[in-house]
Amino acid sequence: MFDTGTIEIIDGFEEIFRETVARHSHACPRQVLGVRVGMLAARLFGLDLPQKDKRLFAYVETDGCFTDGVAAATGCTLGRRTMRLVDYGKVAVTFVDTVTDKAVRVWPNPEARQGAWKYAPHAEDGWHAQLVGYKTMPTCELLLFEPVHLLVSIKEIVSKPGLRAICSNCGEEIMNEREVLRDGAILCKRCAGLDSYYRTGV
């Protein structure tokens, strides 16, 4: 499905990295990883990224700097509904080609943190070694990836534009087919007792 050979560093890194630094107001190693991961996705799927359309979808497994880098490199964002946060607390992302349904998960090589010193031997500490080293490490040393099969339907996640329902309990609007039908009543997930992250009252 994917070429698992050595993948060369892709031209254009610095331009994308400058964009994510501007968004984030500072530079950090995880932003570098996010950009490199996104650029690897372009090669794995043979797509021209950052995308102008919504073909590529990203499941990011953490928030923060890494996700900003992924967004800058791929054009996948929460606002465009081409990114979903699945909070595993991991610096990893699964990319899905919504046309072919092919999916690949990408994450940093556990040895990359120490390996960064090879590419930044004069760095003042590990953080700076990673910031510099991750920019120039060969992709085959920096990142790992494998094809995966989704356990959820990407078509259900993307849904269809303009679909809305009203929760019969709280009266709030529900978009993107996220309503639950229970005993003939339309409910939001919270009112149905699912996925609630808050409670009302003091």
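I sorted the lining of the largest pocket by residue class and got eight nonpolar, three polar and six charged residues. The model is a predicted one. For the volume of the largest pocket I noted about 550 Å³. Its lining comprises 17 residues, and those closest to the pocket centre are Cys188, Lys189, Arg190, Asp195 and Tyr197.

I then turned to the second largest pocket, which holds about 430 Å³ of space. There, too, I found 17 lining residues, with Tyr59, Val86, Leu150, Leu151 and Val152 nearest the centre. I sorted this lining by class and wrote down eight nonpolar, three polar and six charged residues.

**Helix α1.** I took residues 13-24 next, which form helix α1 with its 12 residues. From first C-alpha to last I have 16 Å, close to the 16 Å expected at 1.5 Å a residue.

Which residues of α1 are buried? I listed Phe13, Ile16, Phe17, Thr20 and His24. Seen down the helix axis, these buried residues of α1 fall within an arc of 100°, so they line one face of the helix. I set a general rule beside this: an α-helix has 3.6 residues a turn, so residues three or four places apart point the same way. For the other side of α1 I noted Glu15, Arg18 and Ala22 as exposed.

What do the buried residues of α1 pack against? I found three partners, namely α2 (29-45), α3 (65-74) and α5 (126-136). I also checked the backbone just after α1, where Ser25 has a positive phi of about 75°.

**Gly34.** Is Gly34 buried or exposed? Its relative accessibility is 0%. Gly34 therefore counts as buried.

I listed the contacts of Gly34, leaving aside neighbours within four places in sequence, and have Phe66, Gly69, Val70 and Ala73. I also looked up the C-alpha separation between Gly34 and Val93, and it is 9.0 Å. Along the chain, Gly34 and Val93 are 59 residues apart.

Conventions: Residues numbered from 1 in each chain as written. Predicted model: local features only at pLDDT ≥ 70, side-chain atom pairs only at ≥ 80, totals over all residues. Heavy atoms only, no water. 1 Å grid on protein atoms, 1.4 Å probe; cavity = no way out; pocket = protein on both sides within 12 Å on 5 of 7 lines; lining within 4 Å. Points joined across faces, edges and corners; volume = space filled by probe spheres on them. Nonpolar A, V, L, I, M, F, W, Y, C, P; charged D, E, K, R; others polar. Helix = DSSP H or I, 4+ residues; strand = E, 2+ residues; numbered from the N terminus. Expected span 1.5 Å × (residues − 1). Buried < 20%, exposed > 50% of the residue type's maximum accessible area, 1.4 Å probe, protein only. Arc of directions from axis to C-beta. Contact = heavy atoms within 4.5 Å.
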